[in-house]
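Subject: Structure handover

Hello,

Here is the structure for you to look over.

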Amino acid sequence: MKKFIKCNDLIDFELCVNQIIDSKKNPTKEVYNKEGKVLGLIFFNPSLRTRLSVQKAAINLGMRIICMNIKDEGWQLEFDDNVIMNGDKAEHVREAAKVISTYCDIIGIRSFANLSNKKSDLEDNVINSFVKHSTVPIINLESAISHPLQSLADAITIKEMSKVKKPKIVLSWAPHPKPLPHAVANSFIEMCTLCNFDLTIANPLGYDLDKKITKGYEIIHQQNDAFKNADFIYAKNWSSFDDYGKVNLCDNSWTIDENKMSLTNEAYFMHCLPVRRNMIVTDSVLESNCNITIEQASNRVHGTQFILNELLKNEN
Ligand code: CP
């Protein structure tokens, strides 16, 4: 595997999820040794879980880590070609990616959607520029349109926690005061497809996601109807896709509370975190036994460890 940008970069995603769950149960079965290998982490945006879980995964493999908050600490990068660089961007990604490649064996990139230029976001320009110009594998730490490491951890968590063979999963929009990208929701849907999960999407009118991604799935605009008999509720906010990047609605009637959870089949509550309490979900749901967000975050390490190992497998 040369890159991990989307869930389907794994040839058999579900098989990999099962292997990760198996290796959690039998941690000594496979001995990893990637001593001397260097993981470079480049952050254009903030992070808690991704930054720490990826470092923990690399440490578990014996790797060394170098990390840079490039927006605050580096030169501003130019991504367009054939431009006269007489503005505030001092370095082109063509040089930056090649230089970082000489220091690292894998490069992780976090670069959110800017939510102002739909075309550029949909092209996933930043991470794809690094894929194009680097000479080592690239791992996606959340790009404009995908967050596959999150979805890998989500898949592990659902398979580990599910009480039934084919759980009913609801991806539910929930309110948030600021415009958020679509990456987590996109990758979650992609992951559900690859794992053949029974997924329903619930969101208000005007908040349908990219039709290319939701194709084949039922989209319900009444949250209560969607929650009936669900085994997992996956909450996430996203800004409007059609009215790109806009928050036209911050409807607190979509906040997930105990009453809504009582409509479900004693469903587990999931969220990628960070979560805004009493906006996305009430304190009472987060403080109840149905909350498995910490398990999700913990599984980030296991998923990432597997991916780093895969990316280093075919070296040399
Ligand atoms: N879920 C997630 O990616 O968390 P961070 O933004 O804190 O990395």
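This is a predicted model: local features need pLDDT of at least 70, side-chain atom pairs count only at pLDDT 80 or more; totals for chains, interfaces and linings use all residues.

Residues are numbered from 1 along each chain as its sequence is written, and side-chain values use heavy atoms, with hydrogens and water left out.

**Pockets**

A pocket is an open set of points on a 1 Å grid over the protein atoms alone, where a 1.4 Å probe fits, with protein on both sides within 12 Å along at least five of seven lines; lining residues have an atom within 4 Å of a point. Volume is the space filled by probe spheres set on the points, which are joined across faces, edges and corners.

The largest pocket holds about 570 Å³. It has 23 lining residues, and Phe44, Phe79, Ser111, Asn114 and Val126 are the closest to its centre. Two or more lining residues come from each of α3 (70-73), β4 (77-78), α5 (118-122) and α6 (125-133). α6 gives the most, with 3 residues. Helices (H or I, at least four residues) and strands (E, at least two) are DSSP runs, numbered from the N terminus.

The second largest pocket has a volume of about 470 Å³. Its lining counts 24 residues, with Arg110, Phe112, Glu142, Leu273 and Pro274 nearest the centre. At least three lining residues come from each of domain 1 (3-146 + 299-313) and domain 2 (148-296). Those bounds come from an automatic or database domain assignment.

**Histidine 182**

This residue sits in the loop between β8 (168-173) and α8 (183-194). Is histidine 182 buried or exposed? Histidine 182 counts as buried because its relative accessible area is 4% (buried is under 20%, exposed over 50%, partly exposed in between; 1.4 Å probe, protein chains only). Its side chain reaches the backbone oxygen of serine 239 at 2.8 Å. Its contacts (heavy atoms within 4.5 Å) include Leu115, Trp238 and Tyr244, leaving out residues up to four places away in sequence.

**Serine 253**

Serine 253 lies in the loop between β11 (232-236) and α11 (258-261). It is partly exposed because its relative accessibility is 46%. Its side chain makes a polar contact of 2.7 Å with the side chain of aspartate 251 (N or O atoms within 3.5 Å, one able to donate a hydrogen and the other to accept it; residues adjacent in sequence count only if both atoms are side-chain atoms). Beyond four places in sequence, serine 253 touches Gln223 and Lys260.

Best wishes
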